[in-house]
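User: I have a chain open in the viewer, and I would like to go through the labels attached to its parts and hear what each one rests on. Could you take me through them?

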Amino acid sequence: MTRGLRASILAWYTEHRRDLPWRRSRDPYAIWVSEVMLQQTRVETVIPYYQRFLRRFPKVGSLARAREEDVRASWSGLGYYRRARHMHAAAQIIVREHAARLPSNRDALLSLPGIGDYTAAAIESIAFGRPAAAVDGNVVRVLARIYGLEGRRDSARLRRAVTERAVTLIAGPRAGDWTQALMELGARICLPRDPLCERCPAARLCVARRSGAPDRFPEPSAVRAPRVLPYARLLRGPASRAARALARRHLSNPSAPEGPCAEFRHRTFSCDSTYEVWRLKLDPERARLHLQRHKAAAGGTGPAFWATPGQLREMPVRAPTLKALSRLAGSRPPSSVV
Ligand code: SF4
């Protein structure tokens, strides 16, 4: 089964793979950047960030020398900033200890901040062509289905069984293509729900498909649902009152906030939050005085300043702030925000 399965999936990948920017590069640094950005983030979201990041920091050395706020700014909106911090620290180690070249062996990769088993194996196989099996949630799903492996998605038993098959499958030529082919299959065909079996190169050999209920594999994990955080609970009271109180406290602004002019949800793995966007009219003189007071309180050197929405997008601000900005822009042309 192994050879036939490998050949079918590789042939499908050769013909149908998406033309993604990191697939045009053999540079281990670029592949590392893409793998880190793709952790818990969709391909479509990553593409512009990846391109911008590599334009700004084209080599390990340029990343290592960069100021932390510039790295954060390039990551702004992508979320999970710890990834950027780790990459920055890892780049400095690579320059210091590996002559500015990403190491190719497992132990050296694993010793770098932010690189775990999956990322190390992905880099080893894609960048260096080594037969290192990268097993993440997608690969667990695909291989559990093909081989009809029982067990909860997050169980150690299932992961062991999947890893055993993954190690066998990657042995052979085109290790990097094989890693990417499995990722591609999981992302586009063997979807968590309603897999597209009729278009799948593994269909002929797939146990889950033969069972008639492919999405029964793997069994769901026993994880808790994300915490839901409606704004009312965060702000303790009606949002309009809370918005007024915030405006008074932080902006000395007596005008009533207008809104809500937009509402949106922002979900992470652990939280599902609802945000309301409120608009404030700022008197320019009051805004200037407020800023002066803020700086004085910080000993005259505080980092406070007013920024336009365009400037904010270039800064290290969190994803919900960027979402709020785009909702504001959709409701009426914004002036300036702090
Ligand atoms: S045949 Fe269906 S269940 Fe099996 S690997 Fe392909 S898409 Fe997934």
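User: What makes Tyr80 count as partly exposed?

Analyst: In this predicted model, Tyr80 has 17 C-beta neighbours inside 10 Å; a residue is buried at 20 or more and exposed at 12 or fewer, so Tyr80, with its 17, counts as partly exposed. Tyr80 lies in the loop between α5 (68–75) and α6 (82–97), and its phi is positive, about 50 degrees, although Tyr80 is not a glycine.

User: Why is Gln40 called exposed?

Analyst: Gln40 has 11 other C-beta atoms within 10 Å, and the label applies at 12 or fewer, so Gln40 is exposed. Gln40 lies in the loop between α2 and α3 (43–56), just after α2, where it takes a positive phi of about 60 degrees.

User: What makes Arg160 count as exposed?

Analyst: Arg160 has 12 C-beta neighbours inside 10 Å, and because the class takes in 12 or fewer, Arg160 counts as exposed. Arg160 lies in helix α10, and its C-alpha atom is separated by 9.7 Å from that of Val140, 20 residues apart along the chain.

User: How do you know that α2 is largely enclosed by the rest of the structure?

Analyst: The count for helix α2 (residues 28–38) is 11 buried residues of 11, so α2 is largely enclosed by the rest of the structure. The buried residues include Tyr29, Trp32, Ser34, Glu35 and Leu38, and the buried residues of α2 pack against α3, α4 (60–65), α6 and α8 (117–128). For the chain as a whole, 29% of the 338 residues count as buried.

User: Why is α9 described as roughly perpendicular to α10?

Analyst: The axes of helix α9 (residues 137–147) and helix α10 (residues 156–170) come within 10 Å and cross at roughly 80 degrees. Angles from 65 to 115 degrees count as roughly perpendicular, and that makes α9 roughly perpendicular to α10. On the α9 side the contact is made by Val139, Val140, Leu143, Ala144 and Tyr147, which meet Leu158, Arg159, Val162, Arg165 and Ala166 in α10. By class, the residues of this contact divide into eight nonpolar, no polar and two charged.

User: What makes α9 roughly perpendicular to α11?

Analyst: The axes of α9 and helix α11 (residues 175–188) come within 9 Å and cross at roughly 80 degrees. The crossing angle falls in the 65 to 115 degree range, which makes α9 roughly perpendicular to α11. Asn138, Val139, Arg141 and Val142 of α9 make this contact with Leu182, Met183, Leu185, Gly186 and Ala187 of α11, and these residues divide into six nonpolar, two polar and one charged.

User: Which residues touch the most other members of the largest nonpolar core?

Analyst: They are Val33, Ile123, Val139, Leu143, Val162 and Ala166, in a core of 64 residues. Helix α2 gives the largest share of this core, eight residues. Apart from this core lies another one of six residues, among them Tyr275, Trp278, Leu280 and Leu328.

User: With which residues is Val162 in contact, leaving aside its neighbours within four places in sequence?

Analyst: Val162 is in contact with Val135, Val139, Val140, Leu143, Ala144 and Leu149, where a contact requires C-beta atoms within 7 Å.

User: What classes of residue make up the shell around the ligand?

Analyst: The shell has 13 nonpolar, no polar and two charged residues. Of the 15 residues that surround the ligand, the closest are Cys190, Cys197, Cys200, Cys206 and Pro214. Both α9 and α12 (207–211) supply at least two residues each, and the largest share, three residues, comes from α9.

How values were computed. Residues numbered from 1 in each chain as written. Predicted model: local features only at pLDDT ≥ 70, side-chain atom pairs only at ≥ 80, totals over all residues. Axes fitted to C-alpha atoms, helices over the stretch in contact; angles between N-to-C directions. Helix = DSSP H or I, 4+ residues; strand = E, 2+ residues; numbered from the N terminus. Parallel < 35°, antiparallel > 145°, perpendicular 65-115°, else oblique. Contact = placed C-beta atoms within 7 Å. Nonpolar A, V, L, I, M, F, W, Y, C, P; charged D, E, K, R; others polar. Core = buried A, V, L, I, M, F, W, Y, C linked by C-beta atoms within 7 Å. Near = placed C-beta within 6 Å.
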